[in-house]
Amino acid sequence: RENLMALNCGDASARCLKNVLSRGGGSSAVLVTGGARESMLAHPYHSTCVLLERKGFVKIALQTGAALVPMWGFGENNLYENM
């Protein structure tokens, strides 16, 4: 925990996200929108995206003027086949 705090890592709460995005230019946040729920749905060669109930980060980005850069990790669920 202390190592992550030293790197300015925080939780996925709205308060933490607003704090990071309101710092101005040069600040950015990385958010895994599906979280633990999506990780439990991971199966080899099949992707499930949990996003419909997770729209708060879009509202925060609009409020703070932050740009959203969508990303998708192709093939990461295939790693679970080896476990």
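Me: Is Leu68 buried, partly exposed or exposed?
Reply: This is a predicted model, and Leu68 sits in the segment after H4. Its relative accessibility is 48%. Exposed would need over 50%, and buried under 20%. So Leu68 counts as partly exposed.

Me: Which residues form a nonpolar patch on the surface with Leu68?
Reply: The patch has about 290 Å² of accessible area, taken together. Nonpolar side chains are joined within 5 Å.

Me: How many salt bridges does a search of the whole structure find?
Reply: A salt bridge needs a side-chain nitrogen of Lys or Arg within 4 Å of a carboxyl oxygen of Asp or Glu. Glu53 and Arg37 form such a pair, with their closest N and O atoms 2.9 Å apart. The search of the whole structure gives 1.

Me: How many residues apart in sequence are the parts that Glu53 and Arg37 tie together?
Reply: Arg37 lies in helix H3 (35-39). Glu53 lies in the loop between helix H3 and helix H4 (56-64). The pair therefore ties together parts whose separation in sequence is 16 residues.

Me: What is the phi of Tyr45?
Reply: Tyr45 is in the loop between H3 and H4, and it counts as exposed at 61% relative accessibility. Most residues other than glycine have a negative phi. Tyr45 is not a glycine, yet its phi is positive, at about 60 degrees.

Conventions: Residues are numbered from 1 along each chain as its sequence is written. This is a predicted model: local features need pLDDT of at least 70, side-chain atom pairs count only at pLDDT 80 or more; totals for chains, interfaces and linings use all residues. Side-chain values use heavy atoms; hydrogens and water are left out. Helices (H or I, at least four residues) and strands (E, at least two) are DSSP runs, numbered from the N terminus. Patches are made of residues with over 30% relative accessible area and no salt bridge: like charges are joined within 9 Å, nonpolar side chains (Val, Leu, Ile, Met, Phe, Trp, Tyr) within 5 Å. Accessible areas come from the Shrake-Rupley method with a 1.4 Å probe; for residues, only the protein chains shown count as cover. Buried means under 20% relative accessible area, exposed over 50%, partly exposed in between (1.4 Å probe, protein chains only).
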